[in-house]
Amino acid sequence: MDAEPPTDGLPSAPPAPSTAGADPRLLAAVRMRLAREGGDPAPARVAAAVRAEGAVLGDAEVLSLVRLLRADLSGAGPLDPLLSDPAITDILVNGPHEVWIDDGAGLRQAPGIRFPDDASLRRLAQRLAAQAGRRLDTAAPWVDARLPGGARLHAVLPPVAPEGVCLSLRLPRHSVFTLAELVASGTVPEPGARLLRAVVTSRSAFLISGGTGTGKTTLLSALLSLADPAERVVLVEDSAELRPDHPHVVRLQARPPNIEGSGEVGLHDLVRQALRMRPDRLVVGEVRGPEAVMLNHQQTPTLAP
């Protein structure tokens, strides 16, 4: 995810459920019981399963286990508090004991956030892949998909990742920065901003390029917000990341193949459809295939990062 304008200080994430002090055998037994019963792991069901295993626990301990197991079975486990932090744009997991985040101040390790073992991280990666309708197992050891909530998921399993499961989550941005705000934060110099405004006003075709986290999506969203409100903007994206502040935006999103390998809708197909939708501005979120040739030969003003 693109870097946000710099902020003062670092946000503090709420504490994550911890397995410290929990009996691994009890956790495994309760998890298996809930899996056999099926259904939603509601707090009452989890608490009943804990007590059904014959464990003598106080109310506070039962409550702690309920939170832990619900996060493990239906949430994002130890990552839950990170996903609820609006400042975080990237969560990178390098094996069960190493979690990194980007909250606008660059990558840093998330203190106290870890998984009990590689198996729990693998379960989370497979559950997230299933939510996106994708397969993740030994036969298909990697996945690149968009989750229902808008987050971009990428995961790789061993042995392709020999040091453990690697999981990457790119979270959707909650706000759009104006070009003036990017100038005020020092992200864009004022002379550069004047040039960019002129490019948008002249309706010229242009390309934004750069490495991961350099601000491509942030800048393009800001520039699209400068487009004339009377213009029709058609977005073609692999994953819906652009958030222009504009009254007339139409979105087209690519679709990966299903588990059987069929049903794929690529950017090339969507660009062809977009050209028939009377776009004043056609925006392609990621150009890396034959769609680039189509963009080069059509007459509609094009923005393609």
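**Close-up views of a predicted model**

Proline 159 sits in the loop between β5 and β6. Everything shown here comes from a predicted model, where local features need pLDDT of at least 70, side-chain atom pairs count only at pLDDT 80 or more, and totals for chains, interfaces and linings use all residues. Residues are numbered from 1 along each chain as its sequence is written, and side-chain values use heavy atoms, with hydrogens and water left out.

View 1. As for the names, helices (H or I, at least four residues) and strands (E, at least two) are DSSP runs, numbered from the N terminus.

View 2. The chain has a mean pLDDT of 79, and 78% of its residues reach 70 or more. Over residues 1-21 the pLDDT is below 50, and beyond near neighbours in sequence this stretch has 53 contacts in the model (contact means heavy atoms within 4.5 Å). Residues 299-305 also have pLDDT below 50, with 34 contacts beyond near neighbours in sequence. Where pLDDT is low, the predicted coordinates should not be read in detail.

**View 3. An open sheet of 6 strands.** Which order do the strands take in this open sheet? Reading across, you get β3-β2-β1-β6-β5-β4, with antiparallel pairing. The edge strands are β3 (107-109) and β4 (142-146), each pairing on one side only. From one strand to the next, the twist averages 15 degrees. (Two strands pair if DSSP finds at least two bridges between them.) Zoom in on β1 (residues 90-94) and β6 (residues 166-170), and you'll find 5 bridges joining these antiparallel strands. Asparagine 94 stands opposite cysteine 166 in β6.

**View 4. Helix α5 lying across the strands.** Helix α5 (residues 118-131) lies across β1, β4, β5 (152-156) and β6. It runs at about 45 degrees to β6; axes are lines fitted to C-alpha atoms, for helices over the stretch in contact, and angles run from 0 to 180 degrees between N-to-C directions. With 14 residues, α5 reaches 20 Å from its first C-alpha to its last, close to the 20 Å expected at 1.5 Å a residue. (The expected span is 1.5 Å times one less than the number of residues.) Several α5 residues are buried, among them Leu121, Leu124 and Leu128; buried means under 20% relative accessible area, exposed over 50%, and partly exposed in between (1.4 Å probe, protein chains only).

**View 5. The two ends of α5.** At the start of the helix, a side-chain oxygen of aspartate 117 reaches to within 3.2 Å of the backbone nitrogen of alanine 119. Just after α5, glycine 133 takes a positive phi of about 75 degrees.

**View 6. Strand β8 and its two partners.** Is β8 (residues 233-237) largely enclosed or left open? 5 of its 5 residues are buried, so β8 is largely enclosed by the rest of the structure. Val233, Leu235 and Glu237 point one way, while Val234 and Val236 point the other way. Strand β9 (residues 249-253) runs parallel to β8 and is joined to it by 5 bridges; here valine 233 has valine 249 as its bridge partner. Strand β10 (residues 281-284) pairs with β8 too, in the parallel sense over 4 bridges, and leucine 235 stands opposite valine 283. Strands of a sheet pair through backbone hydrogen bonds, either parallel or antiparallel.

**View 7. Helix α8 and lysine 216.** Helix α8 (residues 216-224) is mostly covered, with 9 of its 9 residues buried. Lysine 216 belongs to this helix, and its relative accessible area is 19%. Look across to glycine 285, 69 residues away along the chain: the C-alpha atoms of lysine 216 and glycine 285 are separated by 9.6 Å.

**View 8. Two arginines with positive phi.** Arginine 203 sits in the loop between α7 (190-201) and β7 (206-207), and its phi is near 60 degrees, a positive value in a residue other than glycine. Arginine 203 is partly exposed, with a relative accessible area of 33%. Arginine 278, in the loop between α9 (267-274) and β10, has a positive phi near 50 degrees. Is arginine 278 buried or exposed? Arginine 278 is exposed, at a relative accessible area of 58%.

Note on methods
Polar contact = N/O pair within 3.5 Å; in protein donor to acceptor, adjacent residues only side chain to side chain. pLDDT = per-residue confidence, 0-100.
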